[in-house]
Amino acid sequence: MKFRQARLTVTLQASSYELWCSIHKHRELSMDTHLQVGGNGPASPAPGSAAATATRQ
């Protein structure tokens, strides 16, 4: 199976964000995540690092 790859750059204000897959039932299958921008949370991984790269399985 071949997947397409794309890069997305966004500018976010300091806040908490919730993201999820909008395909039917995917959110219920744990295809979601939370982002904390700014504040005292852990540092973000470097762009392109394994931690910052999302892959589809």
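Predicted model: local features only at pLDDT ≥ 70, side-chain atom pairs only at ≥ 80, totals over all residues.
View 1. Side chains of opposite charge can pair when their charged atoms come close. R27 is partly exposed, at 35% relative accessibility, and E18 likewise counts as partly exposed, with a relative accessible area of 36%.

**View 2. K25 in the loop between the strands.** K25 lies in the loop that runs between strand 1 (15-20) and strand 2 (32-37). Its phi is near 75°, a positive value in a residue other than glycine, and with a relative accessible area of 49% K25 is classed as partly exposed.

**View 3. S30 in the loop between strand 1 and strand 2.** S30 is placed in the loop between strand 1 and strand 2, where its phi is near 70°, again a positive value in a residue other than glycine. At 58% relative accessibility, S30 counts as exposed, because the exposed class begins over 50%.

**View 4. The protein chain as the setting of the close-ups.** The secondary structure of the protein chain comes to two strands and zero helices. Of its 57 residues, 0% count as buried, and the chain exposes about 5,900 Å², of which carbon and sulfur atoms supply 53%.

Notes. Residues numbered from 1 in each chain as written. Heavy atoms only, no water. Helix = DSSP H or I, 4+ residues; strand = E, 2+ residues; numbered from the N terminus. Buried < 20%, exposed > 50% of the residue type's maximum accessible area, 1.4 Å probe, protein only. Areas by Shrake-Rupley, 256 points an atom, 1.4 Å probe, with all protein chains shown as cover.
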